[in-house]
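My notes follow in the order in which I took them.

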Amino acid sequence: MRITIAAALLATGTLALTACNQEPAAETAKEANPTGLTVANARLILPAVSGNPAAVYFDLGNEGTRAVAVRAADIADAKRTEMHDMMEYGGVMTMNEMGPVTVPQNQTVKFAPGGKHVMAFELSPELKAGATTEMTLTIAGGDKASFPVRVEAANAAR
Ligand SMILES: [Cu+2]
């Protein structure tokens with residue numbers, strides 16, 4: 001009896017290994033990213049002065065089946081982040097924290113210099129240009145998805 005159970009476990013283990021070696025099925029991909037969001041061209045621009053916050057820019061798409069509201073963008077190598085937008089007050093452009101960003105289905109919202117961006121505070125001092133960090137987006141309802149972000153020097157082309 002004991003042998004039979006061991007054999008069954010072994011068979012299960014083999015199946016799991018086989019599954020790992022295959023291309024992820026559509027269902028698996030959906031589990032990893034239940035948000036429907038896509039992120040392209042993501043980059044974190046290191047501050048010119050160490051200790052200052054970094055700005056993160058990217059193209060945020062939505063290939064899901066409905067509009068999605070992004071309410072947080074966390075960066076793995078930063079202690080804290082805020083989502084900012086540039087707004088005009090009395091003729092002066094300043095950046096301010098913004099509320100959730102809605103991405104309509106099949107549309108792209110650009111986080112770009114001069115507009116929306118993610119501000120990353122208290123960066124890990126080990127984070128250097130050429131490295132990759134990770135951004136985790138949280139949408140209304142609580143689903144999350146993570147995306148790679150390349151780290152660029154302060155003077156890199158944006
Ligand atoms: Cu900002």
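I took helices (H or I, at least four residues) and strands (E, at least two) as DSSP runs, numbered from the N terminus. Read along the sequence, the protein chain then follows the pattern α-α-β-β-β-β-β-β-β-β-β-β, with 2 helices and 10 strands.

I noted that this is a predicted model, in which local features need pLDDT of at least 70 and side-chain atom pairs count only at pLDDT 80 or more, while totals for chains, interfaces and linings use all residues. Residues are numbered from 1 along each chain as its sequence is written.

For burial I counted other C-beta atoms within 10 Å of a residue's own, the C-beta atoms being placed from the backbone, and called the residue buried at 20 or more, exposed at 12 or fewer, and partly exposed in between. Of the 158 residues of the protein chain, 20% count as buried.

For contacts I required that the C-beta atoms of two residues, placed from the backbone, lie within 7 Å. Among contacts between residues at least 6 apart in sequence, 67% join residues at least 24 apart.

Of its 26 residues, L44, A54, V56, V70, A120 and M135 touch the most other members. At least two residues each come from β1 (37-45), β2 (54-62), β3 (68-75), β8 (117-123), β9 (132-139) and β10, and the largest share, 6 residues, is supplied by β2.

I then followed M135, whose contacts, not counting residues up to four places away in sequence, are V39, A42, V56, A73, D74, I75, S146, F147 and V149. From there I went to S146, which I found in strand β10 (residues 144-152). I recorded S146 as partly exposed because it has 14 C-beta neighbours inside 10 Å. S146 and L37 are 109 residues apart in sequence and 9.7 Å apart in space, C-alpha to C-alpha.

Last, I checked backbone angles, keeping in mind that most residues other than glycine have a negative phi. N106, which is not a glycine, has a positive phi of about 60°; I located N106 in the loop between β6 (101-103) and β7 (108-111), and it is exposed because it has 12 other C-beta atoms within 10 Å. E122 also has a positive phi, near 55°, but its place is in strand β8, and E122 is partly exposed, with 13 other C-beta atoms within 10 Å.

Conventions: A nonpolar core is a set of buried Ala, Val, Leu, Ile, Met, Phe, Trp, Tyr and Cys residues joined through C-beta atoms within 7 Å.
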